[in-house]
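Welcome, and please get your viewer ready. We will go from stop to stop, selecting a few residues each time.

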Amino acid sequence: MGLARTAALVLGGIYVLVGIAGFIPALVPAGPDEGMESASGALLGMFPTNAVHNIVHLAIGAALLFGSTARPTAIIVSRVVGATYVVVGLAGIPFPNGFGLLPLGGADILLHLATGAALLYIGYLTPAEEASSSA
């Protein structure tokens, strides 16, 4: 299947599950964090979230799952989602409240930066390795 497709499949599944989990009240016990009034709670008590944030996770998960259908698509989706998550992670530092729309701060910063970095690595560096190893 290849690394790009496998990563898109696994991360897509994870983000769909996270999006669904954000709508389960028992998994979102905490109230809004200080400075993140847009958060309606914190998933697993750690990750600030709200309905918009959960829908975004579902959309990202769906995009990654779609990307897992073919290697070229997986590479493109990995690059786009990876770059987007790096920007969102960095934006969470000065704008943890996400302009009042969705919470971007707290533990989400590290999660978004790590996801973005992994996807960028997969999208830009592994295709050359896969092409050379299959030749």
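Is Leu-44 buried or exposed? Select Leu-44: with a relative accessible area of 57%, this residue is exposed, because exposed means over 50% relative accessible area, buried under 20%, and partly exposed in between (1.4 Å probe, protein chains only).

Before moving on, a word on the model: it is predicted, so local features need pLDDT of at least 70 and side-chain atom pairs count only at pLDDT 80 or more, while totals for chains, interfaces and linings use all residues. Residues are numbered from 1 along each chain as its sequence is written, and side-chain values use heavy atoms, with hydrogens and water left out.

Stay on Leu-44 and look at the backbone: phi is positive, about 55°, although the residue is not a glycine. Leu-44 sits in the loop between β1 (41-43) and β2.

Together with Leu-44 they form a nonpolar surface patch with about 450 Å² of accessible area. Areas come from the Shrake-Rupley method with a 1.4 Å probe.

Next, colour by secondary structure. The chain has five helices and two strands, in the order α-β-β-α-α-α-α. These are DSSP runs numbered from the N terminus: helices are H or I of at least four residues, strands E of at least two.

What lines the largest pocket? Select Val-18, Leu-43, Phe-47, His-57 and Leu-111, which lie nearest its centre among 17 lining residues. Helix α1 gives the most to this lining, with five residues. A pocket is an open set of points on a 1 Å grid over the protein atoms alone, where a 1.4 Å probe fits and protein lies on both sides within 12 Å along at least five of seven lines; lining residues have an atom within 4 Å of a point.

For the last stops, pick Phe-99, in the loop between α3 (71-91) and α4. Its phi is positive too, near 60°, and Phe-99 is exposed at 67% relative accessible area. Finish at Leu-110 in helix α4, exposed at 63% relative accessibility; the C-alpha atoms of Leu-110 and Leu-90 are 9.2 Å apart.

Note on methods
Patches are made of residues with over 30% relative accessible area and no salt bridge: like charges are joined within 9 Å, nonpolar side chains (Val, Leu, Ile, Met, Phe, Trp, Tyr) within 5 Å. A salt bridge is a side-chain nitrogen of Lys or Arg within 4 Å of a carboxyl oxygen of Asp or Glu.
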